[in-house]
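Morning, everyone. Please look at the model on the screen while I talk.

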Amino acid sequence: MKLMDIMAAPWMITRERLNEIRALYAAHLRGDKIDIKGITAKVDVATGKRDKQSYEIVNGAAVIPLKDVITKNLTFWTFFFGGTSTLETAKLFTMAMEDPAVESIILDVDSPGGTVDGTQDLANLIYGSRGEKPIVTWSDGMIASAAYYIASAADRIYISGGTQEIGSIGVVTSHVDYSKLDEMRGIKETEIYAGKYKRIASSTEPLSVEGREYLQDQVDYVYSIVVDDVSKYRGVSIDQTLAMADGKIFIGKQAITAGLVDGVATFDQLINNILPGLKGSQGNNFEEEMNQLLKGANMKNFESLVSDLIASGMKRGDAIRQTVKDHPETHEAYIQKLKTEGERTRGSSPSATPKTSSPFLEAVGALASQKGCSRGQAVSIVARTQPKLHAQYLKELEEGNHA
């Protein structure tokens with residue numbers, strides 16, 4: 001990353017961290033020069049050793065860190081602030097996917113975001129690998145902006161408690177006019193260029209109306225790509241994505257309610273309870289997948305969770321939808337439990353009549369076929385995006401009306 005990119009490039013990052021980054025650049029302009037060559041040399045040494053770096057494997061799960069400011073390459077910036085290179089993370093992720101000792105992958109995220117460049121490529125790599133091994137994002141800190149873009153590509157997202165900061169989804173760029181500063185320093189720069197837009201937002205003069213429109217168009221375009229991808233990764237509508245991608249930070253369970261996060265789990269719970277249930281979800285055997293989820297779930301059952309919300313004054317339909325959002329594993333296990341009990345009842349009754357097909361299951365099958373995801377993942381997505389269809393299905397399952 002060049003120093004000028006700090007000011008001119010589009011970022012997906014929290015305002016506070018971007019201000020810190022720009023303050024360092026401003027100090028450089030004032031005369032407190034950064035020894036770029038010296039730092040780059042150190043980074044080159046670190047980069048050379050990077051090939052030897054690997055990931056920690058915990059109970060078959062490769063833990064891949066995504067920390068601090070995210071940039072495409074390891075640069076002097078990484079040396080100053082710490083951070084993550086999307087190219088280096090992609091190498092680690094690919095290694096983990098190919099490693100026979102790795103059964104699942106955890107993206108351990110604590111980042112305010114970073115540059116636009118490189119972020120989509122890593123997110124698409126992760127999303128395209130779903131179905132081969134379970135991929136889960138987990139955070140005990142912050143998942144913001146570019147970090148959320150990448151994190152959302154995993155099968156699921158968990159946070160460790162009620163104070164984690166999630167969101168800040170958006171794109172920002174800036175124009176800084178240095179003409180007055182240059183004048184004070186006795187510098188007059190004359191730019192010679194060809195092409196109307198080559199220097200439409202030059203830092204040597206105030207930003208013109210056309211220049212502002214040009215920058216806004218770029219930011220809007222990148223934002224539309226982010227919204228489209230997050231919508232696809234999370235399996236929700238564009239409208240739902242826009243509601244959670246307005247630049248706002250959501251705290252803890254606010255993020256679950258907004259649809260940004262799937263649940264709360266400590267790292268130990270993720271390793272010992274959730275991932276064992278997901279490891280069976282990459283195949284085509286739906287019954288085996290749900291049995292694994294039933295064994296892996298170490299929490300209250302679905303009916304009890306719904307009842308608790310009803311007791312707090314929530315309507316049944318709203319309680320079901322909220323429980324589906326907060327506890328997807330328990331919800332999926334509950335569906336299979338009802339399905340299994342219904343099959344046993346029908347099997348013990350010779351006079352049982354043929355059952356009707358379910359619009360909910362038809363939607364699940366269509367989505368699984370279209371997106372190439374597991375049936376369990378499709379159940380979660382359809383239940384979240386079509387709550388009325390899902391609620392009707394649960395009611396019919398309880399009555400034994402579906403196979």
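First, the ground rules. This is a predicted model: local features need pLDDT of at least 70, side-chain atom pairs count only at pLDDT 80 or more, and totals for chains, interfaces and linings use all residues. Residues are numbered from 1 along each chain as its sequence is written, and side-chain values use heavy atoms, with hydrogens and water left out.

Now the overview. The protein has 19 helices and eleven strands. Helices (H or I, at least four residues) and strands (E, at least two) are DSSP runs, numbered from the N terminus. Of the 403 residues, 48% are buried. Buried means under 20% relative accessible area, exposed over 50%, and partly exposed in between, with a 1.4 Å probe and protein chains only. Take contacts between residues at least 6 apart in sequence: 72% of them join residues at least 24 apart. Contact here means heavy atoms within 4.5 Å.

On to strand S3, residues 61-71. Eight of its eleven residues are buried. Which strands does S3 pair with? Strands pair if DSSP finds at least two bridges between them. Strand S5, residues 104-115, runs parallel to S3, with nine bridges. There, leucine 66 stands opposite valine 109. Strand S4, residues 84-85, is also parallel to S3, through two bridges. Isoleucine 70 has threonine 84 as its bridge partner in S4. Strand S2, residues 56-58, is antiparallel to S3, with three bridges. Glutamate 56 is partnered by valine 63. S2 and S3 make a hairpin with two residues between them. In that turn, asparagine 59 has a positive phi of about 50 degrees.

Next, helix H6, residues 119-128. Its buried residues are Thr119, Leu122, Ala123, Ile126 and Tyr127. They sit on the same side of H6, because they cover an arc of only 135 degrees around the axis. That arc uses directions from the helix axis to the C-beta atoms. Asp121 and Gly128, on the other side, are exposed.

Now the cores. A nonpolar core is a set of buried Ala, Val, Leu, Ile, Met, Phe, Trp, Tyr and Cys residues joined through side-chain atoms within 4.5 Å. Which members of the largest core touch the most others? Ile105 and Leu260, out of 47 residues. Elements that each supply at least two residues include S3, S5, H6 and helix H9 (209-234). The largest share, six residues, comes from H9. Apart from this core lies another, of 16 residues, among them Phe360 and Val379.

Last, the rings. The whole structure holds four aromatic pairs. Rings of Phe, Tyr and Trp (its six-membered ring) pair if their centres lie within 6.5 Å; planes under 30 degrees apart count as stacked, over 60 as edge-to-face and the rest as tilted. Tyrosine 127 and tyrosine 233 are tilted, at 4.9 Å centre to centre and 40 degrees between the planes. Tyrosine 127 is in H6 and tyrosine 233 in H9, 106 residues apart. Why does tyrosine 233 count as buried? Because its relative accessible area is 2%. Tyrosine 197 and tyrosine 214 are stacked, with 5.3 Å between centres and 25 degrees between planes. Tyrosine 197 is partly exposed, at 43% relative accessibility. Finally, ring pairs link Tyr127, Tyr149 and Tyr233 into a cluster.
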